[in-house]
Amino acid sequence: MSQPVKVKVSLPILAAHIDHSLLHPTLTDAQITTGLLLCKQHSVASACVKPCSVPLAAEMLAGSRVKICAVVGFPHGSSTAATKMAETVEALDAGATEIDMVVNVGKVLSGQWHYVEHEVNAINRIVTTRGGVLKVIFENDYLQDEHIRKLCEICTELEVGFVKTSTGYGFVRQDSGMYSYEGATTPHLKLMRASAGPGVQIKAAGGVRTLDDLLHVMSLGVTRVGATATEAIMEEARRRGIGDEEIEVEVKRSDGANGASC
């Protein structure tokens with residue numbers, strides 16, 4: 001019988017793994033303001049916002065430890081490289097210090113690796129020159145394992161800060177005609193951790209909705225998650241006796257709920 005998987009956690013450790021997501025297109029300024037206050041309350045790693053919300057986030061999070069993360073080329077990654085570069089500069093000028101950029105998925109599927117590498121390199125240079133961190137979003141639901149491996153190799157060579165599974169909006173048409181997505185799956189997270197160099201961190205996005213989900217992906221080597229359920233996750237942690245002091249807890253879903261999805 002295999003030994004139980006355990007991770008060391010505390011409320012600050014959990015919060016430091018969370019990029020609180022405020023990306024839905026219908027969010028009003030009032031709802032974004034509420035979300036930013038939640039980010040401050042829990043001292044999460046970052047508030048992940050749409051480009052138009054960066055000035056508001058900069059104003060509200062001034063003086064806090066919460067970083068401002070702006071998405072670029074979101075959610076489909078199909079903007080030109082020049083447009084993504086301009087969007088990145090504008091976000092950094094407005095106060096962002098982290099950029100989550102979506103790769104050009106069509107170019108990835110076409111095997112246009114020179115194009116993909118050039119684009120990622122250009123954005124990464126802009127971000128790192130300004131002291132920021134780039135996270136490259138793959139949108140794994142659209143990709144095969146060989147695409148994920150190659151993207152991890154490119155990001156490792158370019159010394160990108162993070163590789164990220166999904167936008168949360170990469171819906172795939174199913175045989176039934178309905179659209180859905182899996183997001184961060186156990187096999188993909190394991191593949192990304194194995195394929196990316198040790199200097200590249202992993203961000204899981206899409207499907208991390210509970211404390212058990214978060215603990216599970218942490219056990220796979222994930223150091224950031226994109227989450228909308230931050231409040232529920234932190235409240236569940238408190239109910240389970242997790243506080244400010246570091247403790248060791250058992251991961252209940254060490255192989256994922258069904259061996260595939262987180």
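Helices (H or I, at least four residues) and strands (E, at least two) are DSSP runs, numbered from the N terminus. The model is predicted, so local features need pLDDT of at least 70 and side-chain atom pairs count only at pLDDT 80 or more, while totals for chains, interfaces and linings use all residues. Residues are numbered from 1 along each chain as its sequence is written, and side-chain values use heavy atoms, with hydrogens and water left out.

Start with the whole chain. The protein chain holds 10 helices and 12 strands. Its C-alpha atoms fill a box of roughly 50 × 45 × 40 Å along the principal axes. The radius of gyration, taken over C-alpha atoms, can be compared with a globule rule: 2.2 Å times the number of residues to the power 0.38. For 262 residues, a compact globule would come out near 18 Å, and the protein chain agrees, at 18 Å.

Now look at burial. A residue is buried under 20% relative accessible area, exposed over 50%, and partly exposed in between (1.4 Å probe, protein chains only). Buried residues make up 50% of the 262 in the protein chain. Contact means heavy atoms within 4.5 Å. Of the contacts with a separation of 6 or more, 71% link residues 24 or more positions apart.

Next, find helix H2, residues 29-42. H2 has 14 residues and reaches 20 Å from its first C-alpha to its last. That is close to the expected 20 Å, a span defined as 1.5 Å times one less than the number of residues. Which residues of H2 are buried? They are Ile32, Gly35, Leu36, Leu38, Cys39 and His42. These residues cover an arc of only 155° around the axis, which puts them on the same side of H2. The arc is that of the directions from the helix axis to the C-beta atoms. An α-helix has 3.6 residues a turn, so residues three or four places apart point the same way. On the other side of H2, Asp29, Ala30, Thr34 and Gln41 are exposed. The cover over the buried residues of H2 includes helix H1 (11-16), strand E2 (18-22), strand E3 (46-49), helix H3 (54-60) and helix H10 (230-239). Just after H2, serine 43 takes a positive phi of about 50°.

Two glutamates also have a positive phi. Glutamate 139 has one of about 60°, although it is not a glycine. This residue sits in the loop between strand E6 (133-137) and helix H7 (145-157). Is glutamate 139 buried or exposed? Glutamate 139 is buried, with a relative accessible area of 2%. Glutamate 159 has a positive phi of about 60° too. Its place is the loop between H7 and E7. Glutamate 159 counts as exposed, at 66% relative accessibility.

Finally, turn to the aromatic rings. Rings of Phe, Tyr and Trp (its six-membered ring) pair if their centres lie within 6.5 Å; planes under 30 degrees apart count as stacked, over 60 as edge-to-face and the rest as tilted. The count comes to two aromatic pairs. Phenylalanine 74 and tyrosine 169 are edge-to-face, 5.7 Å centre to centre, with 80° between the planes. Phenylalanine 74 lies in the loop between strand E4 (67-72) and helix H4 (81-94), and tyrosine 169 in the loop between strand E7 (162-164) and strand E8 (172-173), so the pair ties together parts 95 residues apart in sequence. Phenylalanine 171 and tyrosine 181 also form an edge-to-face pair, at 5.1 Å and 85°. The peptide bond from phenylalanine 74 to proline 75 is cis, with omega near 0°.
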